[in-house]
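Please work through the following exercises with the structure in view, trying each task before reading its solution.

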Amino acid sequence: EMAAKKEASRGETTSTNGMDLRYLKLHYLNSEQGRAKVWEMDLGETQEIRDEVLQEVHQDLAKIWKDINDLVATQDPKAFVHCERSFCYCHRCRERFVPGTVYEREPRITMP
């Protein structure tokens, strides 16, 4: 524990349980750009800096959760817009619903 305190005072991140707490990697299945997104973050040299950064991450994740909760709370099956990602099931299961009861994209018109 004494070694961990010395390392922490120098900005190093080894903890008593052997975990490196300085770096964070989050995987989002969706992003504003519509693609999966990976965040790899150096949280900072000191615990104070790391706490500030983690508070920002917490606020971002809390907003995402609130937005999902608000969407579900509408109880409107047409409010959930599906994606077109190959790994996601949301767009494939749409054809099992009665037409007009859930969100439906306009058919794409392709020119020959």
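Predicted model: local features only at pLDDT ≥ 70, side-chain atom pairs only at ≥ 80, totals over all residues.

**Exercise 1.** Describe the order of helices and strands along the protein chain, and say how much of the chain is buried.

Solution. We begin with the elements themselves, which are two helices and two strands, and reading along the sequence gives the pattern α-β-β-α. Turning to burial, we find that buried residues account for 19% of the 112 residues. The chain exposes about 9,500 Å², of which carbon and sulfur atoms supply 56%.

**Exercise 2.** Work out which parts of the chain are linked by the salt bridge between arginine 22 and aspartate 42, and decide whether each partner is buried or partly exposed.

Solution. The closest N and O atoms of arginine 22 and aspartate 42 are 2.7 Å apart, which lies within the 4 Å limit for a salt bridge. Arginine 22 sits in the loop between helix H1 (2–9) and strand E1 (23–28), whereas aspartate 42 belongs to strand E2 (residues 37–42), so that the pair links distant parts of the chain, 20 residues apart. With a relative accessible area of 16%, arginine 22 is buried, while aspartate 42, at 41%, is partly exposed.

**Exercise 3.** Explain what the salt bridge between lysine 25 and glutamate 40 ties together, and how far apart aspartate 67 and lysine 63 are in helix H2.

Solution. The side chains of lysine 25 and glutamate 40 meet in a salt bridge at 3.1 Å, N to O. Because lysine 25 lies in strand E1 and glutamate 40 in strand E2, this pair ties together parts that are 15 residues apart in sequence. Lysine 25 is partly exposed at 48%, and glutamate 40 is exposed at 59% relative accessibility. The salt bridge between aspartate 67 and lysine 63 has an N to O distance of 2.8 Å, and these two residues are four apart in helix H2, which means that about one helical turn separates them.

Note on methods:
Residues numbered from 1 in each chain as written. Heavy atoms only, no water. Buried < 20%, exposed > 50% of the residue type's maximum accessible area, 1.4 Å probe, protein only. Areas by Shrake-Rupley, 256 points an atom, 1.4 Å probe, with all protein chains shown as cover.
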